[in-house]
Amino acid sequence: MTKDEQLAWMQSLRPRTAHIEFVFNDGDEGHPLLVQLAHLASTRTIGVAAGNGYARPRPTAVKRRYPYDRDIIAAIEALGGFFAEDSKPAPWTGLGNVDVVFLDERGTVLGATVTHESMIIDAAGHAVE
């Protein structure tokens, strides 16, 4: 997916999004996203259960959950989207190895990313191309 397609997908979820979760697979210390979102409150959890593209739990990953705010969307855009269009040698943008989960007001997943796979998953669990 191109950066524009990634951002269009994210924008399509916006009207139904109540919370956004970030799973920092390599830890969140000093991450540029957190610098941009320092003015927003979040909950922080260490360890993530299986799901959203992962078959196994990730006990060392850090999850940050935010209530929806436009500044989050702007921060993702400023960091270059979820993953690079050309994933060689690595799929990273400024967001890095961070997966993103969009949730509605009931906590139902609207969509998620699996960044290291350069993949977006829709609410039905299908990869979006």
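User: Before we start, what should I know about the numbering and the pLDDT limits?
Analyst: Residues count from 1 along each chain as its sequence is written, and side-chain values use heavy atoms, with hydrogens and water left out. The model is predicted, and totals for chains, interfaces and linings use all residues, while local features need pLDDT of at least 70 and side-chain atom pairs count only at pLDDT 80 or more.

User: How many residues of strand 4 are buried?
Analyst: Strands here are DSSP runs of E with at least two residues, helices are runs of H or I with at least four, and both are numbered from the N terminus. Buried means under 20% relative accessible area, using a 1.4 Å probe and protein chains only. Strand 4 covers residues 98-103 and is mostly covered, so by that cut-off the buried count is six of six.

User: Which residues of strand 4 point the other way from V98, V100 and F102?
Analyst: In a regular strand, side chains alternate between the two faces of the sheet. Here V98, V100 and F102 take one side, and the other side has D99, V101 and L103.

User: Which residue in strand 4 is the bridge partner of E21?
Analyst: Strands pair if DSSP finds at least two bridges between them. Strand 1 (residues 19-24) and strand 4 are joined antiparallel by six bridges. In strand 4, E21's partner is V101.

User: And which residue of strand 5 stands opposite F102?
Analyst: Strand 5 (residues 109-114) runs antiparallel to strand 4, with three bridges between them. Their hairpin has five residues between the strands, and G107 there has a positive phi near 90 degrees. Opposite F102 you'll find G111.

User: Are helix 1 and helix 3 roughly parallel or antiparallel?
Analyst: The axes are lines fitted to C-alpha atoms over the stretch in contact, with angles from 0 to 180 degrees between N-to-C directions. For helix 1 (residues 3-13) and helix 3 (residues 70-78), the axes come within 11 Å and cross at roughly 170 degrees. Angles over 145 degrees count as roughly antiparallel, so helix 1 and helix 3 are roughly antiparallel.

User: Which residues touch the most other members of the largest nonpolar core?
Analyst: A nonpolar core is a set of buried Ala, Val, Leu, Ile, Met, Phe, Trp, Tyr and Cys residues joined through side-chain atoms within 4.5 Å. The largest one has 26 residues, and the top members by that count are F22, F82 and F102.

User: What is the relative accessible area of F22?
Analyst: F22 sits in strand 1. This residue is buried, and its relative accessible area is 0%.

How values were computed:
Buried < 20%, exposed > 50% of the residue type's maximum accessible area, 1.4 Å probe, protein only. Parallel < 35°, antiparallel > 145°, perpendicular 65-115°, else oblique.
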